[in-house]
Amino acid sequence: MFKEIKALIEKEITLELRQKYALNGMLLYIVSTVYVCYLSFRMKANQIDKITWNTLFWIILLFTAMNAIAKSFTQERYGRLLYYYTLASPVGIILSKIVYNTLLMLVLALAGFGVYAVVMGNPVGDMPLYLASIVLGAVGFSSTLTMIAGIASKAENSATLMAVLSFPVILPMLLMLLKISKNALDGLDRASSLDEVFMLLAIDAIVLVLSVILFPFLWRS
């Protein structure tokens, strides 16, 4: 199983390096969105309140995740999916997609935060905690949206269905991420964010288990 997942992840990375679709496109999306935000406010972080600064960043990151992960299954042609069906197990397919999308989101999230902090300023009081919230957000978004992308790919209007299905799961996750990152901005004691951290880890674990259990039925359809 591990060799299968490793081979599938290497396949995803090879295709990405060959096409450079998600990485270059999403980096351009992040930079242009941050620049538009800067032009809209025409101010630095010392003139914009922390709540607005934090909310704008997570909105950018959420839409980046939606655009980057939505193509996980829709870009695969029917013939290629049938070929994967004969070679790999459905559990290996979904776990490799989740791992690859997690790596992709970590690169995009950290790069996006670097651009955002340079352009809009950096008012973060507790940088390790804020970076931890970015990592948790990247893992949560990628695991949740990958499974939902697999479900939505079976429908005709997959983009709309993905947005509808992801909203009930992403919303509570986003609220907890906003609270953790706000505590990091204010430099509060890290113990005040432990409940949200454990809740996010629990949601990620539930999504991962459900993906392993449910995706084989979806894959066979």
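## Helices α3 and α7

The axes of helix α3 (residues 50-69) and α7 approach within 10 Å and cross at roughly 35°; axes here are lines fitted to C-alpha atoms, for helices over the stretch in contact, and angles run from 0 to 180 degrees between N-to-C directions. The model is a predicted one, in which local features need pLDDT of at least 70, side-chain atom pairs count only at pLDDT 80 or more, and totals for chains, interfaces and linings use all residues. Residues are numbered from 1 along each chain as its sequence is written, and side-chain values use heavy atoms, with hydrogens and water left out. Helices (H or I, at least four residues) and strands (E, at least two) are DSSP runs, numbered from the N terminus.

The crossing of α3 past α7 is right-handed; a crossing is right-handed if the near helix is turned clockwise from the far one by less than a right angle, and left-handed if anticlockwise. On the α3 side, the contact (heavy atoms within 4.5 Å) is made by Trp53, Asn54, Phe57, Trp58, Leu62, Ala65, Met66 and Ile69. On the α7 side, Tyr130, Ser133, Ile134, Gly137, Phe141, Ser142, Leu145, Thr146 and Ala149 take part. By class, this contact of α3 with α7 has 12 nonpolar, five polar and no charged residues. For these classes, Ala, Val, Leu, Ile, Met, Phe, Trp, Tyr, Cys and Pro count as nonpolar, Asp, Glu, Lys and Arg as charged, and the others, Gly among them, as polar.

## Overall architecture

The protein has nine helices and zero strands, and its pattern along the sequence is α-α-α-α-α-α-α-α-α. Of its 221 residues, 47% count as buried; buried means under 20% relative accessible area, exposed over 50%, and partly exposed in between (1.4 Å probe, protein chains only).

The accessible surface comes to about 11200 Å², of which 70% belongs to carbon and sulfur atoms; such areas come from the Shrake-Rupley method with a 1.4 Å probe, and for residues only the protein chains shown count as cover. Among contacts with a separation of 6 or more, residues 24 or more positions apart account for 84%.

Helix α7 is largely enclosed by the rest of the structure, because 19 of its 26 residues are buried. Its 26 residues should span 38 Å at 1.5 Å a residue, and the end C-alpha atoms are 36 Å apart, which agrees; the expected span is 1.5 Å times one less than the number of residues.

The axes of helix α6 (residues 90-120) and helix α7 (residues 127-152) come within 8 Å and cross at roughly 140°, and α6 passes α7 in a right-handed crossing. Residues of α6 in this contact include Ile94, Lys97, Asn101, Met105, Ala109 and Phe113, while those of α7 include Met127, Leu131, Ile134, Ala138, Ser142 and Met147. The residues of the contact divide into 15 nonpolar, five polar and one charged.

## Helices α3 and α6

The axes of α3 and α6 come within 10 Å and cross at roughly 145°, again with a right-handed crossing of α3 past α6. Among the residues that meet are Trp53, Phe57, Leu61 and Thr64 in α3, and Met105, Ala109, Phe113 and Tyr116 in α6. This contact of α3 with α6 comprises 15 nonpolar, four polar and no charged residues.

Ala109 is found in helix α6 and counts as buried, because its relative accessibility is 0%. Leaving aside neighbours within four places in sequence, Ala109 is in contact with Phe57, Leu61, Ile134 and Ala138. Ala109 and Val135 are 26 residues apart in sequence and 7.9 Å apart in space, C-alpha to C-alpha.

Val34 lies in helix α2 and is buried, with a relative accessible area of 1%. Beyond neighbours within four places in sequence, Val34 is in contact with Ile60, Val115, Tyr116, Val119 and Met120. Val34 and Val119 are separated by 85 residues in sequence and by 7.4 Å in space, C-alpha to C-alpha. Tyr29 is also placed in helix α2 (residues 21-41), but is partly exposed, with a relative accessible area of 26%. Outside four places in sequence, Tyr29 is in contact with Ile60, Phe63, Thr64 and Asn67.

Val197 belongs to helix α9 (residues 194-220) and is buried, with a relative accessible area of 19%. Apart from neighbours within four places in sequence, Val197 is in contact with Leu136 and Ile180.
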